[in-house]
Amino acid sequence: MMMPMEEKEDLESDEEIPFSASATRKKVHPFDSEINIASHVDMSKSWILKRIQMGPLRSIYIVLIKAKINMLLPFGPLAILLHYLTGKHGLVFLLSMLGITPLAERLGYVTEQLAFYTGPTVGGLLNATFGNATEMIISIYALKSGMIRVVQQSLLGSILSNMLLVLGCAFFSGGIANHQKVQVFNKAAALVNSGLLLMAVMGIMFPAVLHFTRTEVHFGKSEMALSRFSSCIMLIAYGSYLFFQLKSQPNLYSPVDEGGVNDPEDSDDEEVPEITQWETIGWLAILTLWISILSGYLVDAIQGASDSLNMPVAFISVILLPIVGNAAEHASAIMFAMKDKLDITIGVAIGSSTQISMFVIPFCVVVGWCMGQPMDLNFQLFETATLFISVLVVAFMLQDGTSNYFKGFMLILCYLIVAASFFVHVDLEKDNN
């Protein structure tokens with residue numbers, strides 16, 4: 001009797017099962033447990049990776065865990081804790097510095113990620129804006145307390161730090177990392193920023209000259225009126241600059257290649273962003289807020305540390321405080337320069353100086369006006385002369401559209417001269433009043 005084909009196959013498969021199972025047990029039994037453990041580990045790893053790749057978990061891992069420098073993040077909360085538990089301002093200052101360092105590096109990284117979506121021009125503008133948020137918060141806080149000179153000197157120091165120290169370190173690091181070629185950037189955009197910086201110097205210089213030459217129509221009142229009028233003009237000029245940069249003439253700010261020609265294809269084609277655009281915007285807000293909070297505690301610690309270290313107030317305000325406030329710009333500008341993205345570096349360093357001089361300072365004058373605080377553009381002769389010479393030096397460095405490590409080294413040396421000058425400078429503002 002012929003059996004159906006299906007029953008034959010079932011019978012054959014039933015007969016093969018004991019043989020195959022026993023053979024498998026005999027052959028792989030010594031390593032069976034190891035294979036099972038390895039398979040479970042691989043499955044758990046793949047599950048973790050899948051979970052990490054899902055939205056917020058992946059973003060948190062990349063921003064807060066992946067980089068080794070994030071090991072310094074706990075020093076920020078520790079500095080805040082010690083601020084309330086102890087009176088050791090020096091220790092709080094050190095821990096705040098250590099806590100801000102990884103935040104500054106991460107802010108530069110997130111801004112670089114955002115530059116994939118916005119391009120180098122808007123990316124540099126956003127980095128300068130978020131980097132200067134700390135200075136604006138500290139300045140408004142100081143204005144409420146009537147600390148006019150602290151506001152003036154810290155903002156002046158931010159301009160000097162960005163133009164000389166940040167740009168100098170970026171040029172130096174980029175020149176060393178790319179020593180086999182000449183780094184180039186958009187000369188037209190750099191010259192526009194240099195012109196805006198010179199305009200800011202003009203707005204700051206005239207009230208000081210008017211005050212010290214005693215040529216005011218109404219002594220004390222004319223200087224304040226001129227400062228407020230000039231501040232409004234500077235704000236209009238900066239708004240026009242943003243429209244010109246982003247809407248009217250965006251091609252003027254296109255990145256350049258090694259030959260110095262406008263290159264429509266960005267070098268970012270070789271890389272891909274690791275986090276989404278909305279995640280970068282969210283992280284920019286979170287990191288900026290945390291940096292601002294730590295900077296507030298750092299300001300209090302610096303004031304207490306200055307008394308114990310017997311340092312001049314001008315040196316603390318112009319040199320130390322801006323270095324901390326510009327930590328974000330410093331880290332990101334160096335990172336972009338080493339990756340041969342000098343257009344973003346210029347946008348971060350020089351763009352930040354332009355934003356402080358043409359927007360933050362006039363904005364503080366207007367805010368002080370609304371608060372009833374006598375904030376003006378009279379930064380005193382010594383500070384104004386230092387700013388004027390520094391702007392001229394930077395303008396000459398940028399005029400040919402190329403960068404190398406020697407230019408960066410010269411800018412760093414210029415900043416050391418400025419720092420030494422403020423270390424031996426005594427602020428006579430109170431005596432003049």
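Guide: One term before we start: a residue counts as buried under 20% relative accessible area, as exposed over 50%, and as partly exposed in between. Also, this is a predicted model.

Visitor: Okay, so where does Phe409 fall, buried, exposed or partly exposed?
Guide: Phe409 has 39% relative accessibility, so it's partly exposed.

Visitor: How many aromatic pairs are there in the whole structure?
Guide: A search turns up 9 of them. One involves Phe409: its ring and that of Phe172 have centres 6.3 Å apart.

Visitor: What about Phe359 and Phe363, how are their rings arranged?
Guide: Those two are stacked, with 5.6 Å centre to centre and 20° between the planes. Both belong to helix α13, residues 342-371, and they're 4 residues apart, about one turn of the helix.

Visitor: Why would a spacing like that matter for direction?
Guide: An α-helix has 3.6 residues a turn, so residues three or four places apart point the same way.

Visitor: How accessible are Phe359 and Phe363?
Guide: Phe359 comes out at 28% and Phe363 at 27%. That puts Phe359 and Phe363 in the partly exposed class.

Visitor: Which residues are in a cluster with them?
Guide: Tyr238 and Tyr241; ring pairs link them with Phe359 and Phe363.

Visitor: Switching topic: how many helices and strands are in the chain?
Guide: 16 helices and 2 strands.

Visitor: And how much of the chain is buried?
Guide: 46% of its 433 residues count as buried. The chain exposes about 21,800 Å², with 68% of that supplied by carbon and sulfur atoms.

Visitor: Which residues of helix α3 are buried?
Guide: In α3, residues 56-65, they're Ser59, Ile62 and Val63. Looking down the axis, they fall within an arc of 85°, so they line one face of the helix.

Visitor: Last one: what share of contacts with a separation of 6 or more is between residues 24 or more positions apart?
Guide: 83% of those contacts in the chain.

Methods
Residues are numbered from 1 along each chain as its sequence is written. This is a predicted model: local features need pLDDT of at least 70, side-chain atom pairs count only at pLDDT 80 or more; totals for chains, interfaces and linings use all residues. Side-chain values use heavy atoms; hydrogens and water are left out. Rings of Phe, Tyr and Trp (its six-membered ring) pair if their centres lie within 6.5 Å; planes under 30 degrees apart count as stacked, over 60 as edge-to-face and the rest as tilted. Buried means under 20% relative accessible area, exposed over 50%, partly exposed in between (1.4 Å probe, protein chains only). Contact means heavy atoms within 4.5 Å. Accessible areas come from the Shrake-Rupley method with a 1.4 Å probe; for residues, only the protein chains shown count as cover. The arc is that of the directions from the helix axis to the C-beta atoms.
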